Each structure stands twice: as structure tokens, then as C-alpha cells.
Amino acid sequence: MKDYCKQCGRKLKNDEIALNKKLIHPELESFLCLTCLSERFKLDEEKLNEKIAYFKRIGCTLFYM
């Protein structure tokens with residue numbers, strides 16, 4: 001069940017899992033999809049996508065699982 005959003009049940013992408021670990025905690029075992037994560041942090045999804053691109057650009061290894 002770890003590959004599905006704990007709030008809405010949508011199948012997660014690797015980048016969504018990595019972003020959860022980066023923003024919340026690296027040892028997190030249940031995750032939110034980008035939509036639910038944006039609601040939790042009160043940010044639009046585009047800002048979260050920009051964060052993903054930034055973390056990839058700086059070489060964060062969480063985003064290359």
C-alpha cells in the first residue's frame with residue numbers, strides 16, 4: 001500500500017514519494033500524492049513540481065530511486 005496516497009488512494013510516482021521524504025521525513029513510510037501534499041502545505045502543485053525540478057537539479061539522490 002506504500003505506492004498509493006494514504007489520503008485519496010491514487011497510485012504514486014517515484015518523484016511524489018521522494019518529495020514526501022524530502023519535505024516531511026526521510027524514513028516516512030506512507031505518502032501523499034502531489035494533490036494531497038499541495039493541500040497539506042497550502043501550495044499549488046506547480047510550486048511542488050518546481051521543488052522536484054530543483055531537487056533533481058542539485059542532485060538530491062532521493063529523486064533518483
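**Side-chain contacts in the predicted model**

K11 lies over the face of Y4, 5.3 Å from the ring centre; a charge sits over a ring if NZ of Lys or CZ of Arg is within 6 Å of the ring centre and within 35 degrees of the ring normal. The model is predicted, with local features requiring pLDDT of at least 70 and side-chain atom pairs pLDDT 80 or more, while totals for chains, interfaces and linings use all residues. Residues are numbered from 1 along each chain as its sequence is written, and side-chain values use heavy atoms, without hydrogens and water.

Three salt bridges are present in the structure (a side-chain nitrogen of Lys or Arg within 4 Å of a carboxyl oxygen of Asp or Glu). R10 and E16 form one of them, at 2.5 Å from N to O. E16 is buried, at 4% relative accessible area, whereas R10 is partly exposed at 33% (buried means under 20% relative accessible area, exposed over 50%, partly exposed in between, with a 1.4 Å probe and protein chains only). K56 bridges to D15, with the closest N and O atoms 2.9 Å apart. K56 belongs to helix α3 (residues 45–57) and D15 to helix α1 (residues 14–23), so this pair ties together parts 41 residues apart in sequence; helices (H or I, at least four residues) are DSSP runs, numbered from the N terminus.

The whole structure contains two aromatic pairs. The rings of F55 and F63 are stacked because their centres are 5.6 Å apart and their planes at 20 degrees (pairing requires centres within 6.5 Å; planes under 30 degrees apart count as stacked, over 60 as edge-to-face and the rest as tilted). Both F55 and F63 are buried.

Technical notes. Phe/Tyr/Trp six-rings, centres within 6.5 Å; stacked < 30°, edge-to-face > 60°. Helix = DSSP H or I, 4+ residues; strand = E, 2+ residues; numbered from the N terminus.
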